[in-house]
Amino acid sequence: MKTKELFSWKFAPLFLAVVAPIMTIGCNDNDDQDYITIDSETQDGEWVSFIEDLSFESLILTENQEDLNEALQQAAEGDLIFFEDNDTQKTQNPKNSKGSFYTLVGFDGEQIVISNKTTSSVPSNASKGEKTNKSNRSCRILEITRSSLSADIAHYRIMVRMGKGPYDVVRIHRVVRESRKYRPIRTEGNVFMIHGSSQDFDDIFLRPGIENPDAYNSSPFYLASNNIDVWGIDLGWTLVPLETEDFSFFQSWGNSKDTRHVLKSMAIARLIRGLTRQGFGRMNLLGFSYGAALTYDAAIKETRQHRILRDIKGMIPTDFVMVHEQNDSPFAAGSCSLSKTSEAAHANGEYQNANGVGFVTVGQAALDNPEGDSPFAPGLSNYQFALAAAGGPQPNGPDWHFLGGQFDGQIPTGLAYTEEERWFNLLISLAPYMPTYITAEGFSIFCPENRESIVADLKRINIPILYLGAAGGYGQDGVFSTTLAGSSDVSVEIVTKLPNGPRILDYGHADLFMADDASELVWRPLRDWLASH
């Protein structure tokens, strides 16, 4: 760890405030104790240097003494415990903890002071060896970069290694208003966003088919401009390059791995929020499409964990079904069949799904040669086929479609709510590969033999829920899953333009983040819910 400042008379009150509780812990050896002052008035973001020094197995973040007591008991070797110390008169004895204990004070001043006391049960003279073994810990911050989206809205990218595999790396995003460089405003709500299949954070949230985000074409920009602290993730498989040939690392990569990466990324987001004066509180988790499945998975996983280890405050599953209301739903049967097909492909060594490569080909052909014959559908032009892929019915549900279309016969002639070029640009930006096992594992929830256990898992969820749906996507079909949860705070927002009209013409799955009026119909009610939760 880099020691930014050991002592300055200017910071004497804060220094003494943090020394007092640490000196009463009862540990006599202070050789491994550092005091770090993060000065938020500086322009180079000293909190960035602190974060980039960290390596850990897990982060445990506590806001009060009761939570700290629990954290000290739950910590394992390699865990980092952070305590937002708002009452320096309290003391704690962490001798039995296996983690490393940090206290943060000075949130109301211009500096944040961090004290570190390694509380491992191993002898204190092993602290240097512990530091040299940082590279063996599962999580390490690799790089933090910042760019400006506007005069007062910044975009941070944080690369994090999650394991030893070649692509066990995720990219965390933050979009937030700032009063000055590296100094976010005090926000009124927060959200952590998970993208869908073949997508990443930029593709569907920040820059869906556009180059320059603003409050009308980008949901994170809209939310940030309305005082919401926006976070998101690029799951590890989105970073696998097109030229990859050996996909053996995908063999065991499924929903469970993605869920672990999401939860560890949320903990990192919570830590950075604390260091930038937002507090260590839990966060709201939004998942779109496949990301909604991970949102449910993460919430279910946390019901089996001690409460101090949980990171989710509320959840926003967006246009997705976990359980179909009808046991004999043909759409559930179709998804189960897809799971078994993917499982068979996986067993034959086909570890990668290359749908993204196909999407890119379709989008590029529509942009470069719209009148040319489509190689995918004889008789259709590249332009017509790309529109059919957007507005035509898909097997996910009755007249389910990505984007609401305009029809003259069976083939869309245009898009009703989203600009056509945005759709083509989205297609060419998609991630080329996904692990086959994601489909095998993820869609197995729709198989009859698994329905009972999924229903039981949903009943364990008791955090607030906002379900967002599109009438031409999963829409009303996704509501049933929320009724099975044990939550007492459940809200539903389903966007429809044609309440009494044909479903095939209504708001589509991706219109929620791409339509011209999404800022008013989708993001405004989302913002209001986040501000109140």
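**Note on the disulfide and the helix packing**

1. The link of C336 and C447 is right-handed, with 105 degrees about the S-S bond. A disulfide joins these two cysteines, C336 and C447, at an S to S distance of 2.1 Å; the term is used here for a pair of cysteine sulfur atoms within 2.5 Å. One disulfide is found when the whole structure is searched. The pair connects distant parts of the chain, 111 residues apart: C336 sits in helix 9 (residues 330-347), and C447 in the loop between helix 13 (436-442) and helix 14 (451-459). Helices (H or I, at least four residues) and strands (E, at least two) are DSSP runs, numbered from the N terminus.

2. On the basis of the values: this is a predicted model, in which local features need pLDDT of at least 70 and side-chain atom pairs count only at pLDDT 80 or more, while totals for chains, interfaces and linings use all residues. Residues are numbered from 1 along each chain as its sequence is written, and side-chain values use heavy atoms, with hydrogens and water left out.

3. Buried means under 20% relative accessible area, exposed over 50%, and partly exposed in between (1.4 Å probe, protein chains only). Another cysteine, C139, is buried with a relative accessible area of 0%.

4. Two residues belong to the surroundings of the link in sequence. S335 has its place in helix 9 and is buried, at a relative accessible area of 14%. Apart from neighbours within four places in sequence, S335 is in contact with F443 and F446, where contact means heavy atoms within 4.5 Å. N450 lies in the loop between helix 13 and helix 14. At 24% relative accessibility, N450 counts as partly exposed; residues up to four places away in sequence aside, N450 touches S444 and I445.

5. For the protein as a whole, the secondary structure comes to 17 helices and 20 strands. Of its 533 residues, 58% count as buried. Among contacts between residues at least 6 apart in sequence, 70% join residues at least 24 apart.

6. Helix 7 (residues 255-275) packs on helix 8 (residues 290-303) at an angle of about 75 degrees, with the axes 9 Å apart. Axes are lines fitted to C-alpha atoms, for helices over the stretch in contact, and the angles run from 0 to 180 degrees between N-to-C directions. Helix 7 and helix 8 are therefore roughly perpendicular to each other; angles under 35 degrees count as roughly parallel, over 145 as roughly antiparallel, 65 to 115 as roughly perpendicular and the rest as oblique. Helix 7 supplies N255, D258, T259, R260, V262 and L263 to the contact, and helix 8 supplies Y290, L294, D297, A298, K301 and E302. By class, this contact has five nonpolar, two polar and five charged residues. Ala, Val, Leu, Ile, Met, Phe, Trp, Tyr, Cys and Pro count as nonpolar, Asp, Glu, Lys and Arg as charged, and the others, Gly among them, as polar.

7. Helix 11 (residues 382-391) has N382, A386, L387, A388, A390 and G391 as its buried residues. What covers these buried residues includes helix 10 (355-368), strand 16, strand 17 and helix 12 (420-428). At what angle do helix 11 and helix 12 pack? The angle is about 85 degrees, with the axes 11 Å apart, and the two helices are therefore roughly perpendicular to each other. Y383, A386, L387, A389 and A390 of helix 11 meet E420, W423 and F424 of helix 12. By class, the contact of helix 11 with helix 12 has seven nonpolar, no polar and one charged residues.

8. Strand 16 (residues 405-407) and strand 17 (residues 412-415) run antiparallel and are joined by three bridges; strands pair if DSSP finds at least two bridges between them. Q406 stands opposite G414 in strand 17. The two strands form a hairpin with four residues between them, and G409 in the turn has a positive phi of about 105 degrees.

9. Positive phi also deserves a check at two aspartates. D319, in the loop between strand 14 (312-318) and helix 9, has phi near 55 degrees, a positive value in a residue other than glycine. D319 is buried, with a relative accessible area of 0%. D399 lies in the loop between helix 11 and strand 16; its phi is near 55 degrees, again positive in a residue other than glycine. At 36% relative accessibility, D399 counts as partly exposed.
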